[in-house]
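Student: I've got the file open and want to know what the labels rest on. Can we go through them together?
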Amino acid sequence: MRAPSILSAFSLLLLVSPALAQTKLQKADVTLTPPKNFKSKLPPGYTIPIVDISAEKERQVIVDREAGQYLGHPTTVLLEDNKTMLTVYPKGHGRGAIQYKRSNDTGLTWSERLPTPKNWETSLEVPTLHRVVDAAGKKRLIMFSGLYPIRMAVSEDDGAKWSELKPIGDFGGVVTMSTVISLNTPGHYMAFFHDDGRFIRGGNVEKYFVKSPHAPDYMCTTAKPWRFWVYTCISKDGGLTWSMPAPIAMLPDASLCEPGALRSPDGKQIAVLLRENSRKYNSFVIFSDDEGLSWSEPKELPAALTGDRHTAKYGPDGRLFISFRDTTHVSPTKGDWVGWVGRYEDIVKGTEGQYRVRIMDNTKGADCTYPGVELLPDGTFVTTTYGHWTENEPAYVVSVRFKLDELDAKLKAKQ
């Protein structure tokens with residue numbers, strides 16, 4: 001995440017300071033101790049087992065890598081042919097020119113970087129890619145780029161041609177839109193994002209202004225940081241226009257951000273998993289039983305689901321796979337790209353789930369994992385993200401493939 005004040009500073013240091021590279025204990029995969037400021041009343045660690053596929057190179061596909069260049073934060077979309085996969089990601093840590101690639105074989109191979117509109121160079125935040133369909137059945141792709149103002153690009157032909165980035169309103173935010181879900185009315189969508197007060201309306205506090213690294217004339221004005229809020233916006237025309245944002249979650253002593261939304265198996269409830277950015281608590285969850293009109297109070301999740309940028313999909317047997325960056329306070333895979341396997345009821349009841357998965361071993365702090373998660377008809381999950389997969393080299397983008405029954409077999413073999 002390239003989120004608000006605390007994290008922005010942390011992310012910058014993570015890139016330039018050896019002191020914030022992985023500790024010796026992290027490199028040795030030794031379970032760490034809780035931080036001194038840990039305030040949660042829940043356990044800081046988990047008891048479910050870990051299935052480790054990080055060394056299985058045959059599962060891994062390099063999506064993009066460039067010598068000396070940091071590549072990060074991809075999102076993906078799988079088109080309806082169940083073969084074509086698209087991905088976008090910044091040339092840099094969140095902020096940077098948007099790169100775009102296509103795969104015609106479910107992510108086994110990828111094109112060269114494809115041409116994009118000129119002003120995609122001005123992107124200042126993680127781009128996010130989504131499929132939407134309007135009430136008449138017209139399919140389109142939309143891509144958001146955050147900070148002030150939030151901008152969006154549109155493709156009406158499955159990504160062959162794209163518009164430039166254009167503001168969706170007089171408001172901004174960070175990592176927009178981290179999730180977009182369809183509502184019960186055809187063509188209606190709800191998008192989720194967060195902000196800490198700097199970008200929601202912009203401002204004139206010059207020390208927080210954000211400049212584009214690839215288009216120096218483009219700049220984002222900002223206000224002072226205040227407090228983390230989670231917001232939603234509504235579209236009633238298949239993603240072409242969006243409402244003003246409505247706040248849905250905040251805690252005075254926690255920093256809630258990076259909402260990852262999913263529906264219950266029966267479709268009647270929406271759950272939103274939330275990163276906790278102050279690192280004093282576990283991750284949180286909120287629920288809505290009325291299509292996002294009202295929300296429950298934020299509730300802490302167990303340590304097994306504590307992490308950043310949760311991305312969830314249901315497997316063929318109804319179990320959930322959720323991919324995220326491991327920021328669990330006590331975990332032998334802290335800072336790595338991990339997943340969680342369990343059921344929706346585990347999220348509702350606050351139970352740990354079935355097991356965790358170490359997908360890849362990140363070699364630099366916690367600088368990894370803004371995942372795309374796609375499910376193929378044969379039950380194969382295709383997960384795509386960035387990280388420092390090679391020690392002392394910049395981050396690059398990798399895809400990993402697996403089926404839940406393969407993970408189940410590995411778990412059984414351990415027991």
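Student: What makes you say that strand β22 and strand β23 pair, and in which sense?

Tutor: First, a caveat: this is a predicted model, where local features need pLDDT of at least 70, side-chain atom pairs count only at pLDDT 80 or more, and totals for chains, interfaces and linings use all residues. Numbering runs from 1 along each chain as its sequence is written, and side-chain values use heavy atoms, without hydrogens and water. Now, two strands pair if DSSP finds at least two bridges between them. Strands β22 (residues 337-342) and β23 (residues 355-360) have 5 bridges, so they pair, in the antiparallel sense. Within that pair, V341 stands opposite Y355.

Student: What are strands here, and which order do they take in the open sheet?

Tutor: Strands are DSSP runs of E, at least two residues, and helices are runs of H or I, at least four, both numbered from the N terminus. The open sheet has 5 strands in the order β1-β23-β22-β21-β20, with mixed pairing. Strands β1 (50-52) and β20 (307-314) are called edge strands because each pairs on one side only.

Student: Why is Y70 called buried?

Tutor: Buried means under 20% relative accessible area (exposed is over 50%, partly exposed in between; 1.4 Å probe, protein chains only). Y70 comes in at 11%, so Y70 counts as buried. Y70 sits in the loop between β2 (60-64) and β3 (75-78).
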